[in-house]
Amino acid sequence: TCAIFQSCDSVQTTVSGISYKDHKCYSNPHAIDCKVPSVNNEDEKGLCEEGSTIAFGERCTLSCRMGYKPNTRRMLCGLDGIFAETPRCTKKSSSLMSEETAEGV
């Protein structure tokens with residue numbers, strides 16, 4: 001079987017009188033890469049740790065400025081070039097910020 005973001009061809013092959021199926025996986029030709037959006041309070045290096053473009057089937061790990069947290073940790077790039085989630089960086093609560101400071105995060 002192939003990964004979810006790949007297409008698969010199956011070919012029947014016969015060698016020395018024995019038949020078997022051979023599978024070939026390849027990138028989906030209809031897949032579109034996702035362009036990472038810009039959101040308020042994203043990390044200065046960008047919203048996705050992986051870069052500004054994410055390939056279909058891959059995930060973006062969200063990164064926000066200090067004092068802010070992502071609404072989801074990772075986003076999946078869909079077949080149509082659109083992320084499954086809408087990213088946001090929201091202000092952390094003061095109790096959460098003090099806990100992280102105490103832990104040295």
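This tour goes through a predicted model stop by stop, saying what to select and what is found there.

Residue numbers start from 1 along each chain as its sequence is written. Because the model is predicted, local features need pLDDT of at least 70 and side-chain atom pairs count only at pLDDT 80 or more, while totals for chains, interfaces and linings use all residues, and side-chain values use heavy atoms, with hydrogens and water left out.

**Colour by confidence**

Begin by colouring the chain by pLDDT, the predictor's confidence in each residue, from 0 to 100; the chain averages 81, and 68% of the residues score at least 70. Among the elements of the chain, the highest mean pLDDT, 97, belongs to β6, and the lowest, 51, to helix α1 (residues 94–103); helices (H or I, at least four residues) and strands (E, at least two) are DSSP runs, numbered from the N terminus. Residues 99–105 have a pLDDT below 50, and beyond near neighbours in sequence this stretch has two contacts in the model, a contact being heavy atoms within 4.5 Å.

**Select the cysteines**

Next, display the cysteine side chains: a search of the whole structure finds three disulfides, each a pair of cysteine sulfur atoms within 2.5 Å.

Start with Cys34 and Cys77, whose sulfur atoms lie 2.1 Å apart in a disulfide. This pair links distant parts of the chain, with Cys34 in strand β3 and Cys77 in the loop between β7 and β8 (89–91), 43 residues apart. The torsion about their S-S bond is about 95 degrees, so this disulfide is right-handed. Both Cys34 and Cys77 are buried, where buried means under 20% relative accessible area, exposed means over 50%, and partly exposed lies in between (1.4 Å probe, protein chains only).

Move to Cys48 and Cys60, joined by a disulfide with an S to S distance of 1.7 Å. Cys48 sits in the loop between β3 and β4 and Cys60 in strand β5 (residues 59–61), so the pair ties together parts that are 12 residues apart in sequence. With -95 degrees about the S-S bond, the link of Cys48 and Cys60 is left-handed. Cys48 is buried at a relative accessible area of 5%, and Cys60 counts as buried at 0%.

The remaining stop here is Cys64 with Cys89, a disulfide with 2.0 Å from S to S. Cys64 lies in the loop between β5 and β6 and Cys89 in strand β8, so parts that are 25 residues apart in sequence are tied together. A torsion of about -80 degrees about the S-S bond of Cys64 and Cys89 makes this disulfide left-handed, and both cysteines are buried.

**Select Glu49 and Arg73**

Where does the chain hold a salt bridge, and between which side chains? A search of the whole structure finds one, a salt bridge being a side-chain nitrogen of Lys or Arg within 4 Å of a carboxyl oxygen of Asp or Glu; the side chains of Glu49 and Arg73 meet in it at 3.6 Å, N to O. Glu49 lies in the loop between β3 (34–35) and β4 (53–54) and Arg73 in the loop between β6 (68–70) and β7 (74–76), so the pair ties together parts that are 24 residues apart in sequence. Glu49 is exposed at 52% relative accessibility, whereas Arg73 is partly exposed, with a relative accessible area of 49%.

**Finish at Leu76**

Finally, select Leu76 in strand β7, which counts as partly exposed at 29% relative accessibility. Leaving aside neighbours within four places in sequence, Leu76 is in contact with Gly57, Glu58, Arg59, Ile82, Phe83, Ala84 and Glu85. From Leu76 to Thr61 the C-alpha to C-alpha distance is 9.2 Å, and the two are 15 residues apart in sequence.
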